[in-house]
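Look through the model below with its aromatic side chains in mind.

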Amino acid sequence: MKKYKIGYTQGVYDMFHVGHLRLINHAKEQCDYLIVGVNSDDLVQDYKKKKPVISEDDRAEIVRNIKAVDECVIVSTLDKVEVLQKFRYDAVFIGDDWKGKPRWVQTQKDLAEYHVDVVYLPHTEGVSSTQLRPSNNEKVEE
């Protein structure tokens with residue numbers, strides 16, 4: 001396993017769950033310093049067409065307090081090259097459920113020009129924030 005100096009991963013981290021924790025911990029195992037980007041509320045609304053349950057500041061505070069995280073930043077773009085310009089990293093870590101998807105094939109090509117690796121980590125099956133989120137039809141007890 002290659003050891004990177006600075007690693008980067010990014011996500012919504014809404015309704016933080018064990019899959020998020022495992023991905024962050026696996027990423028940290030492969031780098032000395034891990035930067036985690038938390039997608040801003042506006043970015044999530046823009047590309048997922050839904051508002052996060054937990055605010056960006058609260059999601060960032062949760063992520064910032066995970067021992068594997070060296071730095072946590074709120075980001076407003078999915079463009080990893082744009083993020084690379086602000087936060088220099090050697091590798092970006094993503095769940096292997098994204099492997100082969102057009103956006104990540106292109107991201108891999110774009111980052112290769114900067115000698116940055118895309119590292120696919122094991123995805124935790126059976127858990128996601130989308131699955132945890134109640135549908136609009138379900139009544140939520142308050």
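Is Tyr13 buried or exposed? Tyr13 has a relative accessible area of 5% and is therefore buried; buried means under 20% relative accessible area, exposed over 50%, and partly exposed in between, with a 1.4 Å probe and protein chains only. The model is predicted: local features need pLDDT of at least 70, side-chain atom pairs count only at pLDDT 80 or more, and totals for chains, interfaces and linings use all residues. Residues are numbered from 1 along each chain as its sequence is written, and side-chain values use heavy atoms, without hydrogens and water.

Rings of Phe, Tyr and Trp (its six-membered ring) pair if their centres lie within 6.5 Å; planes under 30 degrees apart count as stacked, over 60 as edge-to-face and the rest as tilted. By this rule there are three aromatic pairs. One of them, Tyr4 with Phe93, is edge-to-face, at 6.1 Å centre to centre and 80 degrees between the planes. Both Tyr4 and Phe93 are buried. The rings of Tyr13 and Phe16 have centres 6.2 Å apart and planes at 35 degrees, so this pair is tilted. Phe16 counts as partly exposed because its relative accessibility is 27%.

The charged end of Arg103 sits over the ring of Trp98, 5.5 Å from the ring centre; the criterion is NZ of Lys or CZ of Arg within 6 Å of the ring centre and within 35 degrees of the ring normal.

Ser76 counts as exposed, because its relative accessibility is 59%. Ser76 and Asp46 are 30 residues apart in sequence and 10.0 Å apart in space, C-alpha to C-alpha.
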